[in-house]
Amino acid sequence: MSENKKETLGFQTEVKQMLHLMVHSLYSNREIFLRELVSNASDAIDKLRFAALDNPALLKQDPHPSIRIGVDEQKQLITISDDGIGMTRSEVIEHLGTIAKSGTKEFFAHLSGDQQKDAQLIGQFGVGFYSAFIVADKVTVITRKAGDPADAATMWESSGEGEFTVENTTRDHFGTDVILSIKSEDRDLVSKYRIRNILQKYSDHISTPILMGKDEYKEDKLIETGEWEAVNQGSAIWARPKSEITEDQYKEFFHHLSHDSSDPLCWTHNKVEGRNEYIQLLYVPSTVPYDLWDRESVHGLKLYVKRVFIMDDSSKLLPRYLRFIRGVIDSEDLPLNVSREILQQTRDLRVIRDGTTKRVLSMLEDLAANRAADYDKFWAMFGNVLKEGLGEDPSNKDRIAKLLRFVSTSSEGKPSVTLEGYISRMKTGQNSVYYVTGETTEAAAKSPLLELFRKKDIEVLLLSGPIDEWMTQFMTEFDGKQLVNIAKGDLDLGELSDAEEKEEKAKVQTEYQPLVERFKESLGDEVEDVRMTLRLTDSPACIVTDPNALNPAFVRMMRAAGQDVPDPKPILELNPNNPLVSRLKESGAFSGEWAKLLLEQAQLMAGEQLKDPAGFVKRMNQMLLDTAKDGTTIN
Ligand SMILES: Nc1ncnc2c1ncn2[C@@H]1O[C@H](COP(=O)(O)OP(=O)(O)OP(=O)(O)O)[C@@H](O)[C@H]1O
């Protein structure tokens, strides 16, 4: 088809769904259309300024680009015009006909039907343009790509019902007009006064001037002067002195930046001076971004150089474990006219990255120290991401460790224990921080390994899941105290065991030696070792692993990478004070089946999967049957 012809094209299916959703779930928030379209206009101007670094001619027509809002009360039109980068015909078709974001599928999967939640998701997915259809029954876009001739402009039009048209047109300057024909039920919006108010509410932080036609009273009548006047301050919010920014303006800027309509949990705004001069405005969100676990996601922190937007790849500005941070870094010294690739390698950027990391950690320390309830919220949302920092950022390991929160045997299921708090509560003679791991903290709390600790009233941290297991590889000590996994090795409670216990242990080892030998013989290769323990008070047996055995998280990782790694063999420990064990010692007719059964029970209690669950059930049933048959309890 010739490029000059008018084409009618269908929206991508997802766009149709999105439009439907927008119009129906965002109606109570209908004012957001203006925020979204002004935000697109401001992005387009940022992009033009960036392109003009290589090609200054692009800024010749409009050296001071602006956004203009027109309100035509007679024709019921609202127009948003910008002197930005504009779009070519094919870009119009691509950007305003499809949703290009890779996470679209995920987006639809996340929809809950709850209007409030879905509205937030829409914001996060950056589908701002389509919000025009909340209030308009026809949208016309006239756009000319910067650098293209006047007659290469494109007109896009749609009533938001499945199709749109594109045709060739002319436009005097580079940039874009978005013309909204407002629905009859939304006519109250077509008022200069109303629009000005909305702009002041939502767009004051926009660094480009937003202009509206100036009116004046003449003989008691309001008439148009034909001049434009700015409705916003038109300077980047982060470059203004803190004292001149209200709390609401900070929050509004966060909404703009993150497309998150809830308020941030906290923020920090600083001007860093010295060899590298830059401004940081950093926010912690109060909702979890949908792409938090997508390690490839890039949005979050935007880099500006002297107010010119350069890139929004946060991985270059912050380590991955702080990927939930939103904000702006604006450097005074980075070279403006370098390619993004070179920029990424400059030493200055590394200095900014280190400084920003430290600033985020201070902000979190401050939140933890002064607003404990908000820190709990933060921890519930981002705690598992922060833990990644122990491996990723060794230079800040101690600061990260202090920010960790744990569930412990003393915290009633709440993740409220800090390592410092734990150490302050340690018993006299206790030299280590003890922890146990499980699938969940509830499962960890049921571990038989805790029996002795409960008896002696020693606090144990309850770790759960693969992230915690992974974390323990990097955190082996804190503040001079070893972190000890109570499921590893022969537990030595050091000064916490009294002389009597030590004597008892030695006695038990000799007394039970024949039983231990019989267990070893029966279990053969299935175990690393069998021994007696005093760490259990109730359960007959438990399993532990050799202190040098591979960490289960590491084993899983190696397997995922295609390596054939054997499971670390368990060490079976038996409790001499359990009646089953003591009677097995006395019983002359010990059978190997008992050894297997006790091992399998211990594995189940440790939350492990049995290699042969059917064999376990069969064995247990057979033993029950034998017991019932001959009327004796054990044999
Ligand atoms: N005024 C404009 N000038 C130039 N391009 C625009 C303009 N408005 C929209 N676009 C293009 O259309 C695309 C889609 O816009 P839309 O608002 O739906 O999402 P987005 O801007 O990419 O995401 P977000 O809303 O998160 O910023 C934009 O990425 C941009 O390329």
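1. Strands here are DSSP runs (E, at least two residues) and helices are runs of H or I with at least four residues, both numbered from the N terminus. The model is predicted: local features need pLDDT of at least 70, side-chain atom pairs count only at pLDDT 80 or more, and totals for chains, interfaces and linings use all residues. Residues are numbered from 1 along each chain as its sequence is written.

2. Strand β5 (residues 153–158) is joined to β6 (residues 163–169) by 5 bridges, and the two run antiparallel. Strand β4 (residues 136–144) is likewise antiparallel to β5, with 5 bridges. Two strands count as paired if DSSP finds at least two bridges between them. The hairpin of β5 and β6 has 4 residues between the strands, and Gly160 takes a positive phi near 75° there.

3. Strand β5 is mostly covered, with 5 of its 6 residues buried. A residue is buried if 20 or more other C-beta atoms, placed from the backbone, lie within 10 Å of its own, exposed if 12 or fewer, and partly exposed in between. Of the 635 residues of the protein chain, 35% count as buried.

4. These strands belong to an open sheet of 9 strands with mixed pairing, in the order β1-β6-β5-β4-β7-β3-β2-β8-β9. Its edge strands, β1 (7–10) and β9 (221–230), each pair on one side only. Strand β1 is antiparallel to β6 through 4 bridges, and Leu9 stands opposite Phe164 in β6.

5. The axes of helix α19 (residues 513–523) and helix α22 (residues 592–605) come within 9 Å and cross at roughly 85°. Axes are lines fitted to C-alpha atoms, for helices over the stretch in contact, and angles run from 0 to 180 degrees between N-to-C directions. The two helices α19 and α22 are therefore roughly perpendicular (65 to 115 degrees). Phe519, Ser522 and Leu523 of α19 make the contact with Gly592, Ala595, Lys596 and Leu599 of α22, where contact requires C-beta atoms, placed from the backbone, within 7 Å.

How values were computed
Parallel < 35°, antiparallel > 145°, perpendicular 65-115°, else oblique. Contact = placed C-beta atoms within 7 Å.
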